[in-house]
Amino acid sequence: MDDERWARWPEPWAGTDADMRTVMGAIPREAKDGFKYDEIPWQRFPHFHGPGEEVPGRLGMLASGDAEAAGRALGELWENLHHQGSTIAVGALAVPFLLRIAATGLPGLRASTLRLVAEIGRCQHFGDGTREGLLQVTEDPLEAEGTTMCPTNWTIQAARDAITDDLHLLFPLLPDADPDVRSATAFVLAAVTSEIQRVSSALHRRLAVEDDPVVRVSLILAIAQLAREHQDENAPAWTRELWSDPDRSSEIRIGAGLAWLCLVGDPVPDELRALLADPSTDRCTDLFQRVPWLEPVDYYGSGLRRCIHEMLTPDVPYRPELAERGVTAHVLALDASLKADAPSDQNLG
């Protein structure tokens, strides 16, 4: 019987206490709002380095007023709930509490706490700057957590549903005084599973008044991520209008160019290729490294360069030594390499 059950994995686990979506759905709001950790089944779900019972203690320390202890607790939560880019079931259980701590806790830790929430609610994407991967949220359906055999997508969905349930905590953070918080809030909102139009409209309204370049890019990518997953047919035209407008700022044009490439399967227009290979684009490298989507693409500081490379020349292996020379040199060198490898006219026909 067990062999037969495993042969049909994961369907026999759906709706059981091994299904994180079901577990999360059973947690009452008063347990979340009251930080009633003892009502949460932490013991059933280990973290990456130990038992799940350790998580509420770290959450409590993060919520304390002790900046040093809270910072240490947040670092441990990152390591335990999002080790090497992967998420784990118990991380979803922490999401409602992380959101409440972000809303009410130490302002200096707010942005990093929100980014942890967003990372728990998306698939492993480290090193992936491709058109398919940059805004991807879901995991391979057959990917499972090793200890509980809970499908990773079930955990991701549970975390995203928890985010959606707590939109009332997130919308007030969009105009936060700290631009890193505004950027991280956009990163979190991009993961919602319902109320898409409401969230997208809020992001558009914020973009219309936003003056920080990093936040602008984050808002554009958040809008595009929602549009990509939920098939908003108007988004490609909107992003194209942004990147093709020479009167727009560089970061808006570049961010919209990346978003457009993720939304469509069309060949790269010469105009966009020229924009992304322009020397001014390389001057935006440090700025884009602060965008939550870009840093995990390349933690060594070249997230933008790697994205441009993987989106413009997907069949050519990424070469960090070229990336260090800048976007323009990188793209030109790759173009020269591709032309050198192409068959000459004399060899055709």
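A: Begin with accessibility: buried means under 20% relative accessible area, exposed over 50%, and partly exposed in between, with a 1.4 Å probe and protein chains only. With a relative accessible area of 42%, Asp-33 is therefore partly exposed. This is a predicted model: local features need pLDDT of at least 70, side-chain atom pairs count only at pLDDT 80 or more, and totals for chains, interfaces and linings use all residues. Residues are numbered from 1 along each chain as its sequence is written, and side-chain values use heavy atoms, with hydrogens and water left out.

Q: What does Asp-33 form a salt bridge with?

A: A salt bridge is a side-chain nitrogen of Lys or Arg within 4 Å of a carboxyl oxygen of Asp or Glu. Asp-33 forms one with Arg-100, and the closest N and O atoms are 2.8 Å apart. Asp-33 belongs to helix H3 (residues 29-33) and Arg-100 to helix H6 (residues 89-104), so the bridge ties together parts that are 67 residues apart in sequence. Helices here are DSSP runs (H or I, at least four residues), numbered from the N terminus. Arg-100 counts as buried, at 5% relative accessibility. A network of salt bridges links Arg-29, Asp-33, Arg-100 and Asp-166.

Q: How many salt bridges does a search of the whole structure find?

A: The search finds 17. Among them is the bridge between Glu-76 and Arg-58, whose closest N and O atoms are 2.9 Å apart. This pair links distant parts of the chain, with Glu-76 in helix H5 (residues 67-81) and Arg-58 in helix H4 (residues 55-62), 18 residues apart. Glu-76 is partly exposed, its relative accessible area being 32%.

Q: Are Asp-176 and Arg-110 buried or exposed?

A: Both Asp-176 and Arg-110 are buried. Their side chains meet in a salt bridge (3.5 Å, N to O). Asp-176 lies in the loop between helix H9 (167-170) and helix H10 (179-189), and Arg-110 in helix H7 (residues 110-120), so the pair ties together parts 66 residues apart in sequence.

Q: How many aromatic pairs does the structure hold?

A: Rings of Phe, Tyr and Trp (its six-membered ring) pair if their centres lie within 6.5 Å; planes under 30 degrees apart count as stacked, over 60 as edge-to-face and the rest as tilted. The structure holds eight such pairs. One of them, Trp-42 with Phe-97, is tilted, at 6.0 Å centre to centre and 40° between the planes. Trp-42 is in the loop between H3 and H4 and Phe-97 in helix H6, 55 residues apart. Trp-42 is buried at a relative accessible area of 3%, and Phe-97 is buried at 1%.

Q: Which residues are buried in helix H13?

A: An α-helix has 3.6 residues a turn, so residues three or four places apart point the same way. In H13 (residues 235-243), the buried residues are Ala-235, Trp-238, Thr-239, Leu-242 and Trp-243. They cover an arc of only 125° around the axis, which puts them on the same side of H13; the arc is that of the directions from the helix axis to the C-beta atoms. Ala-237 and Glu-241, on the other side of H13, are exposed.

Notes: Helix = DSSP H or I, 4+ residues; strand = E, 2+ residues; numbered from the N terminus.
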